[in-house]
Amino acid sequence: MKLPYAEPYRIKMTEEIHQSAPEERAEWIKNSHYNLFNLKSSQVFIDLLTDSGTGAMSDKQWAALMTGDESYAGSRSFEQLYNTVNKLTGFKHLLPTHQGRAAENVLFSVLVKEGNIIPGNSHFDTTKGHIEFRKAHAIDCTIDEAFDINNLYPFKGNIDLNKLEKVYQEYGKEKIPFCLITITCNSSGGQPVSMENIKAVRELSNQYGIPVFFDSARFAENAYFIKKREAAYQDKSIKEIVRELYSYGDGMTMSSKKDGLVNIGGFIALNNDEVFQKASNFTIIYEGFITYGGMAGRDMAALAQGLDEATEFTYLESRISQIEYLGNKLIEYGIPIQRPIGGHAVFIDALTFLPNVPRAEFPAQTLAIELYKEAGIRGVEIGILLADRDPETRENRYPKMELLRLAIPRKTYTNNHMDYIAAALKNVFERKNEITKGYKITWEPDILRHFTVHLTEA
Ligand code: F0G
């Protein structure tokens with residue numbers, strides 16, 4: 001018999017979490033203006049809001065914390081982090097930042113000017129926020145297959161080369177500071193980008209003289225999918241795949257809170273000396289001196305260890321297999337989810353799940369609220385609220401998909417939790433026809449509204 005996967009670690013410490021009563025949850029979510037970001041974590045039983053900074057660290061990472069060097073400049077922990085990043089990616093410059101969006105802020109302060117165009121594959125919301133804040137535009141060149149949740153194409157994060165070339169032809173290198181490849185592509189469902197596609201984007205970009213950067217939050221999960229799904233890579237190690245992947249880029253931004261396996265942190269890594277010099281100045285203004293950039297020495301030490309562990313196959317296999325386990329349970333229950341199952345989360349198609357809720361009443365948010373009320377599980381809307389308003393027309397943007405994301409923190413929950421989540425969703429699914437009303441906005445901020453928006457029952 002083929003042995004199944006099992007976690008390549010055992011659990012040494014636990015943290016209590018609490019169930020609550022449906023009446024309590026109904027009250028709490030109302031008082032939170034029907035925005036799950038406003039809930040206290042004590043009001044949540046299983047927290048699937050994000051896989052960002054919410055995972056468990058290994059004993060070696062906790063041990064590394066104790067070795068942290070807190071020197072303001074030139075700390076030993078920076079050197080450790082530099083050596084790890086340099087070995088993994090090949091990039092010669094490193095600037096730590098306090099998290100991923102800070103890396104975007106620093107890098108884009110150098111590279112993005114008003115009127116610029118940044119093509120890519122479904123930019124993440126903070127990325128788009130940093131682009132639009134500078135009065136530039138993100139153009140999504142993701143392949144069309146990504147927007148059909150039942151299409152089993154193995155690399156739905158891929159960039160459509162025809163769409164990309166059209167953007168290159170229309171705007172040219174004068175207006176396009178770089179192309180951004182997000183690995184894995186969060187906004188289109190945690191879907192990977194193939195090595196073949198990355199290579200092709202590099203070649204096309206070379207023809208037009210345009211640099212290529214990676215938004216790398218889940219780079220190790222992307223490398224795992226390349227190994228599993230791209231024949232030429234099945235015998236390569238994850239670290240070899242990672243090294244090759246970055247050889248096609250000019251640099252990267254990183255949210256270390258995902259595949260860095262730490263609770264806070266980020267960085268920029270790149271090759272260009274001039275961009276590094278300019279970005280160093282912005283790091284000093286916004287983050288801190290260039291050898292810590294908003295991170296404690298101990299956090300850099302834990303991150304160096306985390307990056308090494310995240311790029312090990314056995315870890316990635318248990319990580320991705322847990323997401324598959326949950327996804328397959330939901331498929332078994334007839335619940336419409338995005339397939340193939342993504343890297344860090346299961347994405348539920350709210351338009352199919354709740355056909356009676358009008359699109360203007362936020363079906364994915366409605367489903368998130370129903371799941372919370374059912375079982376104290378907190379997911380996040382990836383739909384109209386997240387897509388926000390068009391910065392010029394101020395009209396709601398209607399994305400092609402309306403999803404509820406259940407992001408699974410790393411090394412945190414067991415498969416019993418996955419069974420509980422699946423059962424809760426099944427219960428909501430069984431009463432889906434009774435859910436006919438959604439929510440309406442009573443207050444919203446100017447940008448990134450989904451974090452703080454207030455809603456009421458429609
Ligand atoms: N890029 C991607 C692809 C992300 O998923 C995130 C964060 C960021 C950049 C920004 O990084 O949070 O460290 O500032 N994603 C989290 C999520 C918040 O829940 O998906 P950050």
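Proline 340 lies in the loop between α12 (313-332) and β9 (345-349), where helices (H or I, at least four residues) and strands (E, at least two) are DSSP runs numbered from the N terminus. The peptide bond that leads from arginine 339 to proline 340 is cis, with omega near -10 degrees. This is a predicted model, in which local features need pLDDT of at least 70 and side-chain atom pairs count only at pLDDT 80 or more, while totals for chains, interfaces and linings use all residues. Residues are numbered from 1 along each chain as its sequence is written, and side-chain values use heavy atoms, with hydrogens and water left out.

**Ligand surroundings**

- The ligand is surrounded by 17 residues, the closest being Thr50, Arg101, Asp215, Ser255 and Lys258, where a residue counts as near if one of its heavy atoms lies within 4 Å.
- A polar side-chain atom of threonine 50 lies 2.7 Å from an oxygen atom of the ligand, and for asparagine 186 the corresponding distance to a ligand oxygen atom is 2.8 Å; a polar contact is a pair of N or O atoms within 3.5 Å.
- On its own the ligand has 470 Å² of accessible area, of which the protein covers 94%, as computed by the Shrake-Rupley method with a 1.4 Å probe.
- Helix α4 (residues 100-111) supplies the largest share of the shell around the ligand, three residues.

**Helix α4 and threonine 97**

- Eleven of the twelve residues of α4 are buried, so this helix is largely enclosed by the rest of the structure; buried means under 20% relative accessible area, exposed over 50%, and partly exposed in between (1.4 Å probe, protein chains only).
- The cover over the buried residues of α4 includes β2 (93-97), β6 (212-215) and α10 (273-286), with contact meaning heavy atoms within 4.5 Å.
- Threonine 97 lies in strand β2 and is buried, with a relative accessible area of 0%.
- Leaving aside neighbours within four places in sequence, threonine 97 is in contact with residues including Ala102, Ala103 and Val106.

**Backbone features in loops**

- A cis peptide bond runs from isoleucine 183 to threonine 184, with omega near -25 degrees, and threonine 184 is found in the loop between β5 (179-182) and α7 (195-208).
- Lysine 135, which is not a glycine, has a positive phi of about 55 degrees, and lysine 135 is exposed, with a relative accessible area of 52%.
- Phenylalanine 362 has a positive phi near 60 degrees, and phenylalanine 362 is buried, with a relative accessible area of 4%.

Key
Polar contact = N/O pair within 3.5 Å; in protein donor to acceptor, adjacent residues only side chain to side chain.
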